[in-house]
Number of protein chains: 2
Amino acid sequence: MAIQRVGMVIGVREDRISDYRALHADAHPGVRDLLAAAGIRNFSIFIERLPDGALYLFGYYEYNGSDYEADMTRLDAQPRNQEWIAMTAPMQIPFPGQKGWKIMEEVYHNS
Amino acid sequence: MAIQRVGMVIGVREDRISDYRALHADAHPGVRDLLAAAGIRNFSIFIERLPDGALYLFGYYEYNGSDYEADMTRLDAQPRNQEWIAMTAPMQIPFPGQKGWKIMEEVYHNS
């Protein structure tokens with residue numbers, strides 16, 4: 001099964017950025033184990049202020065399981081993941097019409 | 001030597017987006033071989049329209065060589081890479097004060 005690459009973007013609240021950083025620091029366990037168990041690997045999040053003056057987060061990960069929908073459904077149902085989302089969602093500013101991260105279109109890949 | 005992850009962002013011109021897509025299509029050789037020779041691996045570019053109404057490109061790659069500065073200097077000096085930049089740079093809209101892609105800060109990584 002080919003690895004599936006996912007790129008995504010979401011806004012982040014200026015007044016919650018230090019909380020966001022603390023939750024995502026290397027030392028914080030977060031839900032790292034649940035993500036890995038769901039086949040989500042090599043997951044990075046970057047932050048940048050764009051020319052519109054707002055702060056955005058850009059996520060990249062690779063899914064290397066065999067049933068993405070099933071793995072995501074199982075992950076969503078985990079109480080610890082739900083607690084994590086309850087903490088992090090209020091720090092984020094989804095794009096209009098989105099509930100969470102907006103998945104981006106890949107226009108290039110070179111292995 | 002640890003792999004170095006790089007996330008970056010730049011604007012893209014609406015009127016050049018089809019040209020940009022054509023140059024970056026899987027079938028186009030571009031400078032794929034030069035990037036690989038410079039230690040740049042697993043390079044993806046994503047596109048997304050942000051809430052400010054503008055189109056942006058988000059790049060992600062992994063450098064797995066042993067001397068990043070030297071490899072980038074050698075890459076920059078390649079005539080074919082210079083021709084590539086001469087074609088693609090006019091399609092892009094760098095952030096204020098930037099000459100090319102803006103490197104983003106990584107706030108999270110889970111292997």
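In the predicted model described here, A:Asn42 counts as partly exposed because 19 other C-beta atoms lie within 10 Å, where a residue is called buried if 20 or more other C-beta atoms lie within 10 Å of its own, exposed if 12 or fewer, and partly exposed in between, with C-beta atoms placed from the backbone. A:Asn42 belongs to strand E2 of chain A, helices (H or I, at least four residues) and strands (E, at least two) being DSSP runs numbered from the N terminus. Although A:Asn42 is not a glycine, it has a positive phi of about 55°. Most residues other than glycine have a negative phi. In chain B, B:Asn42 is likewise found in strand E2, has a positive phi of about 55° without being a glycine, and is partly exposed, with 19 C-beta neighbours inside 10 Å.

Residues are numbered from 1 along each chain as its sequence is written, while chains are lettered from A and ligands numbered from 1 in the order in which they are written. Since the model is predicted, local features need pLDDT of at least 70 and side-chain atom pairs count only at pLDDT 80 or more, whereas totals for chains, interfaces and linings use all residues.

Chain A contains four helices and six strands, which follow one another along the sequence in the pattern β-α-α-β-β-α-α-β-β-β. Its radius of gyration, 14 Å, is close to the 13 Å that the globule rule gives for 111 residues, so chain A is as compact as a globular protein of that length; the radius is taken over C-alpha atoms, and the rule is 2.2 Å times the number of residues to the power 0.38. The C-alpha trace of chain A spans about 40 × 35 × 30 Å along its principal axes, and 19% of the 111 residues count as buried. Among the contacts in chain A with a separation of 6 or more, 72% are between residues 24 or more positions apart, two residues being in contact if their C-beta atoms, placed from the backbone, lie within 7 Å.

The same surface serves both copies, as 100% of the contact residues of chain A recur in chain B.

At the interface, 31 residues of chain A are in contact with 31 residues of chain B. Strand E1 (4–12), helix H1 (17–24), helix H2 (32–37), strand E2 (40–49), strand E3 (55–63) and strand E6 (105–110) of chain A each supply at least two residues of the side that touches chain B, and the largest share, eight residues, comes from E2(A). That side of chain A divides into 15 nonpolar, seven polar and nine charged residues, with Ala, Val, Leu, Ile, Met, Phe, Trp, Tyr, Cys and Pro taken as nonpolar, Asp, Glu, Lys and Arg as charged, and the others, Gly among them, as polar.

Within chain B, E1(B) and E3(B) run antiparallel and are joined by eight bridges, B:Ile10 having B:Leu57 as its partner in E3(B). E2(B) and E3(B) also pair in the antiparallel sense, over eight bridges, and B:Glu48 stands opposite B:Tyr56 in E3(B). Five residues lie between the strands in the hairpin of E2(B) and E3(B), where B:Gly53 takes a positive phi near 90°.

The largest nonpolar core has 20 residues, of which A:Val9, A:Leu57, A:Phe58, B:Val9, B:Tyr56, B:Leu57 and B:Phe58 touch the most other members; such a core is a set of buried Ala, Val, Leu, Ile, Met, Phe, Trp, Tyr and Cys residues joined through C-beta atoms within 7 Å. Leaving aside neighbours within four places in sequence, B:Leu57 is in contact with B:Val9, B:Ile10, B:Val12, B:Ile45 and B:Ile47.

Notes:
Two strands pair if DSSP finds at least two bridges between them.
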